[in-house]
Amino acid sequence: FEVLSQSKIKGSSLKFESANIYKTKTAALKFDQKQIRSYNVTQLSELDLANVLKSGYKMTFGTEPTLSMLASGWAQVILESGRPVKLPNNNVGNIKATKQWIESGNPFFMKSTEEFTSSGKHFIEKDAKWRAYESPEEGAAGYWKLLKDRYGATLEYFDVGDPVSAGVSLGKSGYFTANIEKYSTAVGKLYTEFMKKYAQKFSS
């Protein structure tokens with residue numbers, strides 16, 4: 001079976017499991033079969049991803065993101081999606097589908113994923129459940145809303161341009177199970193890359 005979420009940063013393979021707190025068991029869930037989506041991938045350019053994140057932010061907050069907010073979100077999502085940017089069922093940030101999400105009638109898909117225990121032991125979660133969206137923009141709005149609702153400290157770090165602390169905050173809050181230092185350092189490097197490549201395009 002295939003495994004979701006593998007990112008390669010400068011030749012080294014870092015594997016991440018996102019939003020690990022969202023574990024569900026099919027046997028305990030109540031849902032309509034029509035909610036289940038086939039596995040499909042939307043591929044975007046990295047610049048298109050930035051625009052999608054910008055649109056999703058405005059859908060969620062009603063305002064434009066600051067440059068540091070956009071750069072930080074882009075960096076974290078790039079790390080999650082890998083390169084080239086691939087969004088499974090328009091899921092931005094590899095967000096798992098909670099029991100509440102599924103039993104509220106929302107769409108989801110199933111895909112096996114790599115995880116790590118707190119001690120760093122690697123294992124596979126087969127047929128993990130993930131949110132599905134109709135468009136990348138909706139997926140981006142879902143990503144920002146999740147951060148707003150559950151990871152407020154991360155948004156604060158995003159806003160002041162501290163992506164490394166944001167990565168640490170996400171790791172300590174259970175968003176991913178990868179090594180926190182490696183993950184947060186990678187987010188910081190990608191943030192710097194965004195500022196060099198794309199900042200001028202989004203500066204007002």
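Begin by selecting F109, which is buried, since its relative accessibility is 0%. The model on display is a predicted one.

**Stop 1: F109 and its partner**

Y39 belongs to the loop between strand 3 (12-15) and strand 4 (41-44), while F109 belongs to strand 6 (residues 108-116), so the pair ties together parts that are 70 residues apart in sequence. Is Y39 buried, partly exposed or exposed? Y39 has a relative accessibility of 34% and therefore counts as partly exposed. In total, the structure holds 13 aromatic pairs.

**Stop 2: an aromatic cluster**

Next, select Y57, F61, Y143, W144 and F158, which form one aromatic cluster. Two of these residues, Y143 and W144, also take part in the contact of helix 4 with helix 5, as does F158 from helix 5.

**Stop 3: helix 4 against helix 5**

Display helix 4 (residues 136-150) together with helix 5 (residues 152-159); their axes come within 5 Å and cross at roughly 115°. The two helices are therefore roughly perpendicular to each other. On the helix 4 side, select Y143, W144, L147, K148 and R150; on the helix 5 side, select G152, L155 and F158. The residues of this contact divide into 5 nonpolar, 1 polar and 2 charged.

**Stop 4: T60 in helix 1**

Move to T60, a residue of helix 1 (residues 46-61). T60 has a relative accessible area of 21% and so is partly exposed. Which residues does T60 contact, leaving aside its neighbours within four places in sequence? They are A141, W144, K145 and K148. For a distance check, pick the C-alpha atoms of T60 and L146: these residues are 86 apart in sequence and 10.0 Å apart in space.

**Stop 5: helix 2 against helix 7**

Finally, show helix 2 (residues 67-81) and helix 7 (residues 180-197), which pack at an angle of about 125° with their axes 8 Å apart. Helix 2 and helix 7 are therefore oblique to each other, and helix 2 passes helix 7 in a right-handed crossing.

- Helix 2: L67, S68, L70, A71, S72, W74, A75, Q76, I78, L79 and E80.
- Helix 7: Y183, A186, V187, L190, Y191, E193, F194 and M195.

By residue class, the contact of helix 2 with helix 7 divides into 14 nonpolar, 3 polar and 2 charged.

Key: Residues numbered from 1 in each chain as written. Predicted model: local features only at pLDDT ≥ 70, side-chain atom pairs only at ≥ 80, totals over all residues. Heavy atoms only, no water. Axes fitted to C-alpha atoms, helices over the stretch in contact; angles between N-to-C directions. Helix = DSSP H or I, 4+ residues; strand = E, 2+ residues; numbered from the N terminus. Parallel < 35°, antiparallel > 145°, perpendicular 65-115°, else oblique. Contact = heavy atoms within 4.5 Å. Nonpolar A, V, L, I, M, F, W, Y, C, P; charged D, E, K, R; others polar. Left-handed = near helix turned anticlockwise from the far one by under 90°. Phe/Tyr/Trp six-rings, centres within 6.5 Å; stacked < 30°, edge-to-face > 60°. Buried < 20%, exposed > 50% of the residue type's maximum accessible area, 1.4 Å probe, protein only.
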